[in-house]
Amino acid sequence: MMPHELNQLGLDARQREQNWQWIGDQIERYWCDVASLPVAPALDLLPLRRELEAFDFAAPQPPLEALRCALAGLRSNQVHTPHPRYFGLFNPAPTAMGVVADALVAAFNPQIAAWSHNPFAAEVERHLIRTFGIAFGYPPASVDGVFTSGGAEANHTALLCALTQKIPAFGRDGAAAAKQLPAIFVGALGHDSVLKAARMCGIGTRSVHAVPVDGALRMTPAALEQAFAAISPAQPVLVVATAGSTSAGVVDDLQGLGELAHRYQAWFHVDAAWGGFAALLPELRPWVAGLERADSITFDAHKSLSVPMGAGMFLTRHPDILERTFRVGADYMPRDGDGASMAQPDPFAHSMQWSRRFIGLKLFLSLAVAGWPGYLAALRHQCAMGDLLRQQAPARGWTVANATPLPLVLLQDATAAHSPAALDAVVRAVVESGAAWISTVRWRSPQGEQSAIRACITNYRTQPEDIDALFTALDQARSPRPFAHA
Ligand SMILES: *Cc1c(COP(=O)(O)O)cnc(C)c1O
C-alpha cells in the first residue's frame, strides 16, 4: 500500500469513481440548464481574486471540495459561450463527443511529437487532414497539413511556410536572407493574427499591408493589384484572403485573388478559420470557389464544427513544405516511424509545436458519431437561423449591413440616426440584461467609417425563439422603459 501522501496525485479508486460520477452529473446539469443562465453574468474581479488567494496549497483538500470550487467559478464567471443566445465570436456549444474525447485524451496522454509513440493518434490526425484537404478541393495525392492550437497558429504556420518557400535560405538566415523587404497582403477585415505572425517571424508589422475592402466588405483583385503597385520594390511573399471574415462573415474573391497572387509569385493563403465550412455544403460551395487554389488553408474545427477548443488545422497542397519549414535535428528523439513497416514523418519535424496534445480525437469522434449527415444538418440549421435573423431584421427596425449566406448578421438601426456610441450603448444594455450576447464592429468602407451590431449563430442548439428573444432584448435596449425595474 502506498502511504496516503504519496497517492494524492493518483487518488484511490473510490475517489476517482466519485470524481467521475460527480463531474458527469455536473456537466450534464450544465448542458441542460445553460439556457436558463444569464448569458453574461456580471464579472466581479475582486471577490474572485480574494477567493483564489485563500488557496495557499499548504493543506491538501478533498477532491470533491476542490472540484466544487472550480465548477462554481466556471459557472458564475464566464460568458456562457455554449448558451443558445450567445450570438458572439465563433465559439460553439461543444459537441457531446468532443467533451468525452478530451477526457479520454487527457487520460492516455499520448505524446504526439514522435509518430512511433502513438501511431493511432498520428494516423487519426493524418486521416482527418486528408479528409478535409480533399473536401476543400485539394488533389488527394498532395494533401498535407497539421493540427494546430487554433487559427492564429495556423496563420503563423502559413507565413513561415511562405517565407521558407519564397526566400531561399530563410530557414538559416532569417529575415536577413531577403533581398527586398518581404511584403504580406491581407484584406482590411482580415484577422489580426497575421500581424502577430509577422512580429513573431521577425519581419515586423510594417511588412503587413492592409488592402482596403470594397462596398461589399470584400478584398478584390483590383484593390490587391493597387496595393502590389504601391509597395514596390518590396517582394510580395504572401497574400491572405479571408473566407468568412470575423467581423462581417464575408468571403473575399478567392478565385481572382488566387490568380493574382500566383501571377506575382506570392504564396496564396486562405484564412477560412470559420467560413471554411461553406465548402462542405454543396449549396454554399460556390461562395468559396477558388479555395482549392490556395497554397494553404486555415480551418478551425473549434469554430463551425463545434469541437471544444483548441482544434485548428493548417492544410497545404505542398506536401514537402512543412518539413522544409520545421525540421531540425534532435538526436534524442526516436527516429521517424521506428518500428513501423513504412517510415513515417514525425509530427515534431512537421509543426510549430513539439510535444503536443492529441487534438484530432475530438473531431474524429464527433464526426464518426454524427457522420457527414449529422454535421451537414447542424450547419444547415445554423445557416437557417442566420437567414431567419436576416429576414426578420427589417420588420424589427434594423437594416442588414453585410451580404453573406453565412450565419453572421450586421445590424444597423433603421429607426434612428445611429452613432457608434449609440450602438455600443444598445449592445451594453443587451449584454448586461443577460438575455443575449452580441457585440459591435467598426470598419472603414468606401462610404466612410461604419459601425454595426454583430450577431452570429455559433450554436447548433439556437432556435427561432432565441432569435426572437434577441430582437426583444434589442427593442428593450433601444427604448428603455424607465420603470422596467420597478
Ligand atoms: C478566429 C479566427 C482566427 C484566429 O483563430 P484562433 O482559433 O482564435 O486562434 C483567425 N482568422 C479568422 C478569420 C478567425 O475567425
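In helix 13 (residues 420–433), the buried residues are Leu423, Val426, Val427, Val430 and Val431, where buried denotes a relative accessible area under 20%, exposed one over 50% and partly exposed a value in between, computed with a 1.4 Å probe and with protein chains only. These residues lie on the same side of helix 13, because they cover an arc of only 130° around the axis, the arc being that of the directions from the helix axis to the C-beta atoms. On the other side of helix 13, Ala421 and Glu432 are exposed. The 14 residues of helix 13, at 1.5 Å a residue, should span 20 Å, and the end C-alpha atoms are 20 Å apart, which agrees; the expected span is defined as 1.5 Å times one less than the number of residues. Helices (DSSP runs of H or I with at least four residues) and strands (DSSP runs of E with at least two) are numbered from the N terminus.

The structure is a predicted model, in which local features need pLDDT of at least 70 and side-chain atom pairs count only at pLDDT 80 or more, whereas totals for chains, interfaces and linings use all residues. Residues are numbered from 1 along each chain as its sequence is written, and side-chain values use heavy atoms, with hydrogens and water left out.

Helix 8 (residues 193–200) was examined in the same terms. Its buried residues are Ser193, Val194, Ala197 and Ala198. Seen down the axis of helix 8, these buried residues fall within an arc of 145°, so they line one face of the helix, while Lys196, Arg199 and Met200 are exposed on the other side. Ser193 counts as buried because its relative accessibility is 5%. The side chain of Ser193 makes a polar contact with the side chain of His191 at 2.8 Å and another with the side chain of Asn155 at 3.1 Å. A polar contact is here a pair of N or O atoms within 3.5 Å; within protein, one atom must be able to donate a hydrogen and the other to accept it, and residues adjacent in sequence count only if both atoms are side-chain atoms.

A backbone N or O atom of Gly151 lies 2.8 Å from an oxygen atom of the ligand, and a polar backbone atom of Ala152 is 2.8 Å from an oxygen atom of the ligand. In the side chain of Asp271, an N or O atom is 2.6 Å from a nitrogen atom of the ligand. Taken alone, the ligand exposes 380 Å², and the protein buries 83% of that; accessible areas come from the Shrake-Rupley method with a 1.4 Å probe, and for residues only the protein chains shown count as cover.

Some backbone features call for separate description. Most residues other than glycine have a negative phi, and most peptide bonds are trans. In the loop between strand 6 (296–300) and strand 7 (312–316), where Gly310 is placed, a cis peptide bond joins Met309 and Gly310, with omega about -15°. Ser306, found in the loop between strand 6 and strand 7, has a positive phi of about 60° although it is not a glycine, and at 3% relative accessibility Ser306 counts as buried. Leu11, in the segment before helix 1 (13–33), is likewise not a glycine and has a positive phi of about 60°; with a relative accessibility of 16%, Leu11 counts as buried.

Arg85, in the loop between helix 3 and helix 4 (96–108), is buried, with a relative accessible area of 18%. Although Arg85 and Glu465 are 380 residues apart along the chain, their C-alpha atoms are separated by 9.6 Å. Leu74, which lies in helix 3 (residues 63–76), is exposed, with a relative accessible area of 56%. Between Leu74 and His127, the separation is 53 residues in sequence and 34 Å in space, C-alpha to C-alpha.
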